[in-house]
Amino acid sequence: MGPFLETLLGGLMVGMLYSLVALGLVLIFKASGVFNFAQGAMVLFAALAMARFAEWLPHLTGYDNKFVNNVLAFAGAALVMVLFAWVVQKLVLGKLVNQEGITLLMATLGITYFIEGAGQMLFGNDIYKIDVGMPKDPMFLFEKTFQGGILVNQEDLAAALIAAVLVALLALFFQKTATGRALRAVADDHQAAQSIGIPLDRIWVIVWSVAGIVALVAGAIWGSKLGVQFSLSLVALKALPVVILGGLTSIPGAIIGGLLIGVGEKLSEIYLGPHLGGGIEIWFAYVLALVFLLVRPQGLFGEKIIDRV
Amino acid sequence: MAGRPIGEVILDVHNLSLRFGGVKALSDISFDVREHEIRAIIGPNGAGKSSMLNCINGVYQPQEGSISLRGQTFRHMNSRQVAQMGVARTFQNLALFKGMSVLDNLMTGRHLKMRANLFQQAIRWGAAEREETEQRVVVERIIDFLEIQPYRKIQVGRLPYGLQKRVDLGRALATEPQVLLLDEPMAGMNVEEKQDMSRFILDVNDEFGTTIVLIEHDMSVVMDISDRVVVLNYGRKIGDGLPEEVRTNPEVVSAYLGTVH
């Protein structure tokens, strides 16, 4: 039982991070019908900004306090993401209103390459460190119940907590504020939302900003685990199977999908690995997504799309 | 009609033409709408009624002609700017926010009246909260008016069609429009629902003094509730006047019933 729980917990924590990236995708897709291929690149870009700001700040201010530095760097990077959202809306999506979904997807593909390049040009292309002072030591839980206890990585635990808090805050924002209500309205019906005076362009800037800040949180957490490097934008590719599983239009779907994939890949690695030769973690998510596409293409929570003929 | 004083011209459509590529949806149409009146636009399928409404609403930009509201002419406006000028609309194929409750749907209609910014809302700042409460009062009045109190918290997508149509009307009313555009408010309804809807339209007009422009297929309903009627056929205006005048206009009769050979 001990090892099983240990794997399960590990999976949940990785899954929470997949959920975060997927959440960014779902937010943008719901509000604007744009499948944002750039979400992964945004994670990298935001993490790069934060890592470098944290590094530059002490030199600029001559004041070296890790906590203050990290907070300022985070705020700075968040500001960069809001600015990025505004630029995307003004220069790209604002010009492509009422275009086909595929056109918008291609535009976000362009944005992906652009910010991957721009990020490395502005912030450098080495491996950078984000050190938010997360506890690194593993700890043991339930040592009395199970022999040897359950090994839990404290860093993972903290990360999962942060992610959970962020998700809860977002849910509150969407359900309880007037702007959140307007966002949901736009997600349900653009034209009707506009006819009662909701400004679409401003709503889209807000959605992209929120997605950018979600990307920043994901990037900061991943970055502090693995270092900020180019591969970060590839880790984010795991968000694709997550949204296929959870449904592109469902926020709970993104979260549950992420957790399922996180848990699934860890468990299958441990329990199926010995029979199939290991390395399952790498492809598990994609095969699961493929199965879902064949069996339930709208995902677990997505809306079934019925086209009138 | 009742004692509503019909006022000055509030909406003036002048020589309007709309083309989609080579297809002429509307050609050279002029008519006016007076304050407080119920003005119907009728015509057979494909006559251009919905296109006309979409032009007034800023969804389509006509190639020629002009539309003016209270003497202010607008040509290149989107629906949002039109909404700011006090024009609201309902939709033929229900465009409600299906995932949201009846109450939330109507509250979105108050968006233009809200002043608090995003951060004030996020930290639940006093003024933002007060504003929400004030808007809520207005919305509750509309809910009472439309007799949909029992469904306030229900997700709109789960309501029967007739009630959804009523919510659609409520959302438009929540913007406190001067001019209300109704796109086939009675399409797909049974007789009883049609009667309810007619009553609500008349009440809106009577109690709030809202000017109403409505498109309708059902001739009998239109004749009963409207003050003046415009008839379109194949994108052209073929009749304009009081219901009785329009009903006996030979061109209108032949458009609806086919020409007698």
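1. The pLDDT is the predictor's confidence in each residue, from 0 to 100. The structure is a predicted model, in which local features need pLDDT of at least 70 and side-chain atom pairs count only at pLDDT 80 or more, while totals for chains, interfaces and linings use all residues. Residues are numbered from 1 along each chain as its sequence is written, and chains are lettered from A and ligands numbered from 1 in the order in which they are written.

2. Confidence may be considered next. The model has an ipTM of 0.83 and a pTM of 0.83. For chain B the average pLDDT is 88, and 97% of the residues score at least 70. Within chain B, the lowest confidence falls in α4(B), with a mean of 75, and the highest in strand β7 (residues 179-183), at 94. Helices (H or I, at least four residues) and strands (E, at least two) are DSSP runs, numbered from the N terminus.

3. The contact between the chains involves 28 residues of chain B and 18 residues of chain A; two residues are in contact if their C-beta atoms, placed from the backbone, lie within 7 Å. On the side of chain B that touches chain A, at least two residues each come from α2 (79-84), β6 (87-89), α3 (102-108) and α4 (118-122) of chain B. The most is given by α2(B), with four residues. By class, this side of chain B has twelve nonpolar, ten polar and six charged residues. Here Ala, Val, Leu, Ile, Met, Phe, Trp, Tyr, Cys and Pro count as nonpolar, Asp, Glu, Lys and Arg as charged, and the others, Gly among them, as polar.

4. Chain B is divided into domain 1 (1-86 + 178-261) and domain 2 (97-176), with bounds that come from an automatic or database domain assignment. The C-alpha centres of these two domains of chain B are 27 Å apart. Ten residues of domain 1 of chain B are in contact with nine residues of domain 2 of chain B. On the domain 1 side, α2 and α7 (191-208) of chain B each supply at least two residues, and the largest share, four residues, belongs to α7(B). By class, that side has seven nonpolar, two polar and one charged residues.

5. Helix α5 (residues 126-145) of chain B has 20 residues and spans 29 Å from its first C-alpha to its last, close to the expected 28 Å; the expected span is 1.5 Å times one less than the number of residues. Its buried residues (20 or more other C-beta atoms within 10 Å of their own; exposed means 12 or fewer and partly exposed in between, with C-beta atoms placed from the backbone) are Ala128(B), Val139(B), Ile142(B) and Ile143(B). Seen down the axis of α5(B), these residues fall within an arc of 95 degrees, so they line one face of the helix; the arc is that of the directions from the helix axis to the C-beta atoms. They pack against α3, α4 and α6 (161-174) of chain B. The face turned away from the buried side carries exposed residues, including Arg130(B), Thr133(B) and Arg141(B).

6. Some backbone angles deserve attention. Asn15(B), in strand β1 (residues 9-20) of chain B, has a positive phi of about 45 degrees although it is not a glycine. Asp28(B), in strand β2 (residues 23-34) of chain B, has a positive phi near 50 degrees and is likewise a residue other than glycine. Just after α5(B), Glu147(B) takes a positive phi of about 55 degrees.
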